[in-house]
Amino acid sequence: MSNSSVASKSRIVVIGAGIGGLTAGALLAHRGYEVLILDQALVPGGCASTFKRQGFTFDVGATQVAGLEPGGIHHRIFSELEIDLPSATPCDPACAVYLPGESTPINVWRDRTKWHEERLKQFPGSADFWKLLDDLFGASWEFQGRDPVLPPRNLWDLWQLTKAVRPGTLITLPYTFLTVGDALRGCGLEQDRRLRTFLDLQLKLYSQVDAEETALLYAATALNVSQLPQGLFHLQGSMQVLSDRLVAALERDGGKLLMRHTVESIQVDKGKVTGVVIRNQKTGEVWTQTCDRIVANVTVQNLVQLLGENAPGGYKHRVDKLPQASGAFVVYLGVKQEAIPANCPPHLQFLYDAEGPIGENNSLFVSVSHPGDGRAPNGLATIIASSFVDPNPWWRGDYAAMKQEFTEKAIAQLGQFFYLTPETIKYQEAATPRTFAHYTARDLGIVGGIGQRIPTFGPFGFANRTPIKDLWLVGDSTHPGEGTAGVSYSALTVVRQIEAER
Ligand SMILES: Cc1cc2nc3c(=O)[nH]c(=O)nc-3n(C[C@H](O)[C@H](O)[C@H](O)COP(=O)(O)OP(=O)(O)OC[C@H]3O[C@@H](n4cnc5c(N)ncnc54)[C@H](O)[C@@H]3O)c2cc1C
């Protein structure tokens with residue numbers, strides 16, 4: 001525990017041991033709070049956890065990590081917790097994007113100059129558009145680095161937000177209500193189908209929506225964090241190492257984590273939280289745990305369900321009106337190394353033409369292990385391919401047939417790049433929205449947050465403070481959105497808000 005922290009009797013329950021909940025819990029324990037984290041799953045980490053099959057280790061969802069560089073959010077938090085950052089290799093290119101019918105990828109290089117040259121070569125005439133994004137990123141990143149609270153809900157939040165603003169930040173203001181689609185039109189690029197397609201593909205990964213809908217200021221950051229001095233990283237071992245280290249810090253500082261414990265409801269009295277109803281999945285025992293504060297590491301849709309009739313009407317209405325979020329379909333393959341082409345980049349994205357659509361935008365995002373990275377025995381490798389899907393059909397109709405059809409299609413599409421045969425595929429498994437709902441308890445199996453459209457990004461999104469006193473929301477439904485780095489920032493914000501009340 002840090003010397004500066006003052007012991008406090010305040011008891012905090014954290015619902016969920018995803019990266020958001022673990023980060024909040026570990027930081028709070030380190031700052032002297034009594035912390036209990038409850039998670040319904042078998043292993044911590046939520047969408048950033050792993051599972052093992054026949055000698056292979058598969059990352060469930062997240063496969064690449066931002067924020068490990070000095071000053072990056074994971075780096076800052078691990079430094080405060082006095083724990084080592086996991087070993088990692090930088091992804092270069094961060095992603096190799098293959099458009100339909102093209103055999104040469106668009107390489108999102110880590111080096112800024114190299115990436116700049118690639119963009120101009122791939123998309124002639126787009127220099128003004130990229131310059132605009134780079135300028136907005138510069139100002140937004142510096143602003144974000146001063147820890148603004150977005151959206152503000154009280155005077156302290158507003159003060160944090162105001163303190164983060166500098167004259168340089170003001171260049172972003174006129175762009176607050178614009179989307180990437182608006183910027184493309186402004187730069188005379190509305191006819192550039194290839195650029196639009198590339199942006200749609202990349203933005204869907206980060207913002208859940210396409211270029212037409214993604215808020216420009218959000219996109220400026222999402223499309224710039226793959227380059228130095230920031231960057232994306234592939235963790236040595238597996239993604240689980242992030243959660244394991246946060247759990248170790250939590251327990252070292254006196255915090256407690258109970259797995260296979262489901263929070264069934266949040267108790268509220270006179271507009272303030274009083275406790276949670278917990279069910280032990282092993283014993284079936286149900287009890288109420290009283291507490292002073294609750295940090296809910298769940299989707300905002302799940303939060304409303306946990307509050308039941310205590311959910312404030314306006315809040316519930318806003319959640320009900322959110323556009324349908326996407327789910328994910330993921331294929332996990334354990335293969336012989338010979339299935340992987342030589343010098344294969346760690347992450348690839350494929351857009352397919354009309355040959356049997358897969359997912360919402362007929363694309364696959366693919367993560368490939370490399371020898372010695374801890375995911376497969378010698379001579380073997382893992383391939384993980386995911387696609388966004390509408391979660392609803394997976395809850396009706398013939399689930400088994402649908403899963404089989406998607407799996408076959410995905411493997412057939414991957415077979416255009418990888419050498420996949422019954423001999424080279426040693427293991428295969430698939431996850432659907434129903435799988436994610438089961439293992440992460442996310443409503444309908446939705447993943448990746450609420451979508452970074454104008455009405456739901458940054459200043460207009462869901463705040464970490466909720467309308468219920470002493471109830472906080474942390475995770476990818478809040479600013480700055482999805483990703484292990486994003487949810488860690490939201491956790492840090494909540495911890496600062498709780499500290500400010502002490
Ligand atoms: C296919 C896919 C690929 C992705 N790729 C990347 C990537 O490469 N890089 C990246 O940074 N991000 C990626 N992401 C996004 C990233 O994984 C998530 O945004 C992030 O991990 C979410 O963390 P979280 O803490 O908000 O919540 P979650 O990971 O959803 O964790 C919530 C936890 O709460 C628990 N829980 C929920 N309800 C209850 C309850 N009532 N009682 C008890 N426990 C409960 C769950 O079991 C879970 O462990 C990807 C996501 C997916 C699905």
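A pocket here is an open set of grid points, where a 1.4 Å probe fits, with protein on both sides within 12 Å along at least five of seven lines. This is a predicted model, and its second largest pocket holds about 450 Å³ of space.

- By class, the lining has ten nonpolar, five polar and four charged residues.
- Why does the pocket lie between domain 1 and domain 3? Domain 1 (11-51 + 65-86 + 237-322 + 450-500) and domain 3 (327-440) both give residues to its lining, so that's where it ends up.

**Helices α1 and α2**
- α1 (residues 19-30) packs on α2 (residues 73-81) at about 35 degrees, and their axes are 10 Å apart.
- The crossing of α1 past α2 is left-handed.
- On the α1 side, Ile19, Thr23, Ala26, Leu27 and His30 make the contact, and they meet His74, Ile77, Glu80 and Leu81 of α2.
- That contact comes to five nonpolar, three polar and one charged residues.

- Most peptide bonds are trans, and most residues other than glycine have a negative phi.
- Asp92 and Pro93 are joined by a cis peptide bond, with omega about 5 degrees; Pro93 is in the loop between β6 (88-90) and β7 (95-98).
- His479 to Pro480 is also cis, with omega near 5 degrees, and Pro480 is in the loop between β20 (471-473) and α14 (484-500).
- Glu82 has a positive phi, near 55 degrees, and is found in the loop between α2 and β6.

Technical notes: Residues numbered from 1 in each chain as written. Predicted model: local features only at pLDDT ≥ 70, side-chain atom pairs only at ≥ 80, totals over all residues. Heavy atoms only, no water. Axes fitted to C-alpha atoms, helices over the stretch in contact; angles between N-to-C directions. Helix = DSSP H or I, 4+ residues; strand = E, 2+ residues; numbered from the N terminus. Left-handed = near helix turned anticlockwise from the far one by under 90°. Contact = heavy atoms within 4.5 Å. Nonpolar A, V, L, I, M, F, W, Y, C, P; charged D, E, K, R; others polar. 1 Å grid on protein atoms, 1.4 Å probe; cavity = no way out; pocket = protein on both sides within 12 Å on 5 of 7 lines; lining within 4 Å. Points joined across faces, edges and corners; volume = space filled by probe spheres on them. Domains from an automatic or database assignment.
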